[in-house]
Amino acid sequence: VAIATVCDVVPLVDENRVLARFGLRSLANTSNPGLRALLSVAKIGGGAKLEADDVAYKVGPRINASGRLGSAQKAVELLLASDGARAAQLAAELDQLNEDRKRIEVELVALARAQAELYADRDAHPVLVLAGQGWHQGVVGIVAARMVQRFDRPALVIGLDGDKGRGSARSAHGFDILDALHGGAPHMIKYGGHAQAAGCEVRACDVDALRDAVCARAREKLALAPFAASDVWIDSDVSLNQMSDGLMREIDRLRPFGEKNERPLLYSGDVRLAEPARTVGADGTHMMLLLRQGSRVMKAMAFGMAHRASELAMGKPVHAVYTPKWNVFRGETNLELEIIDFQSGERPAID
């Protein structure tokens with residue numbers, strides 16, 4: 001129940017939060033051979049306290065990798081396994097599939113990002129419609145989500161296989177992506193979904209016409225109701241000196257965090273870099289920062305924000321919105337920050 005609640009992004013409120021909270025506690029000590037093997041390959045569990053993020057980013061992706069790159073049967077067999085050795089073998093296979101999925105994702109994100117630059121004009125292309133031969137259809141949804149994050153626009157990414165393809169769309173700013181697809185209905189074999197996510201099947205020869213029709217429909221809708229502003233709702237304005245282990249333990253009492261019970265977003269203005277920002281990650285898309293305010297220095301991670309490194313400079317004020325997190329590495333637990341957004345230079349207006 002805890003795995004399903006977290007991975008299906010069910011609101012973590014009321015009884016759902018209770019079930020997830022106690023389910024996560026039970027999962028850490030599960031006797032299910034398949035789950036024990038899965039936690040082992042993900043390097044979590046073993047009696048240690050599990051968080052919703054562990055399930056969302058380590059357990060869920062390994063279960064999903066089976067269906068994304070082939071058949072979900074392998075994941076089903078793992079969850080039903082009664083033999084520890086067989087469970088370990090299946091978990092290792094799912095782990096490898098997840099590694100394959102990540103490699104494919106990195107490659108396709110790079111290809112999609114390069115193609116998206118051809119449609120940089122937001123007015124002409126309010127929705128990114130991207131397609132490529134051989135793009136793995138099992139990961140196009142993930143790639144679409146990455147395009148939304150990178151270009152701040154709804155995106156439809158299509159994996160073509162010969163003369164046909166399958167696509168997955170993700171929305172942004174509360175825009176109804178299914179309504180935009182309605183405009184391209186004559187150019188699709190079939191499609192469906194909802195306001196925030198949708199899928200389609202299309203002929204390769206119709207991709208350009210589909211792009212034009214979807215963007216035309218989007219422009220009509222945006223003329224009546226433009227994209228909503230990308231506001232960041234901040235829970236509290238604090239100084240880095242206030243970000244103590246004690247405060248973090250108080251925040252921990254609100255766990256598990258997830259849909260409708262989001263992590264608190266905190267704001268610290270007028271901080272400085274303690275050293276130049278560093279680009280990190282296998283694909284070089286993340287930034288590691290050391291932020292200083294007075295005598296307090298804290299490590300911060302800005303995931304997917306490496307392209308904004310030029311905005312930062314030593315001695316220049318940084319105004320950061322973040323969520324605090326524990327980072328456990330080699331047996332040591334430290335309090336760190338996960339950057340959600342930042343602005344350098346002039347202090348932003350906050351309502």
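Contact here means heavy atoms within 4.5 Å. Residues are numbered from 1 along each chain as its sequence is written, and side-chain values use heavy atoms, with hydrogens and water left out. The model is predicted: local features need pLDDT of at least 70, side-chain atom pairs count only at pLDDT 80 or more, and totals for chains, interfaces and linings use all residues.

The 18 residues of α9 (207–224) should span 26 Å at 1.5 Å a residue, and the end C-alpha atoms agree, being 26 Å apart; the expected span is 1.5 Å times one less than the number of residues. Buried means under 20% relative accessible area, exposed over 50%, and partly exposed in between (1.4 Å probe, protein chains only). The buried residues of α9 include V207, L210, R211 and L222. The partners against which the buried residues of α9 pack are α6 (84–116), β1 (128–133), β2 (155–161), α8 (177–182) and β5 (197–203).

Two of these partners, β1 and β2, pair in the parallel sense over six bridges, pairing being called when DSSP finds at least two bridges between two strands. V129 stands opposite L156 in β2, and L156 in turn stands opposite A169 in β3. Strand β3 (residues 164–170) pairs with β2 in the antiparallel sense over seven bridges. In the hairpin of β2 and β3, with two residues between the strands, G162 takes a positive phi near 75°. Six of the seven residues of β2 are buried, so this strand is largely enclosed by the rest of the structure.

Turning to charged pairs, the structure holds 22 salt bridges, each a side-chain nitrogen of Lys or Arg within 4 Å of a carboxyl oxygen of Asp or Glu. One of them joins the side chains of D179 and R217 (3.1 Å, N to O). This pair links distant parts of the chain, with D179 in helix α8 and R217 in helix α9, 38 residues apart. D179 counts as buried at 14% relative accessibility, whereas R217 counts as partly exposed at 25%. Leaving aside neighbours within four places in sequence, D179 is in contact with R217 and K221.

Another salt bridge brings together the side chains of R263 and D53 (2.6 Å, N to O). R263 lies in the loop between α10 (245–252) and β7 (266–273) and D53 in helix α4 (residues 52–69), so the pair ties together parts that are 210 residues apart in sequence. D53 and R263 also belong to a network of salt bridges with K325 and E338.

Conventions: Helices (H or I, at least four residues) and strands (E, at least two) are DSSP runs, numbered from the N terminus.
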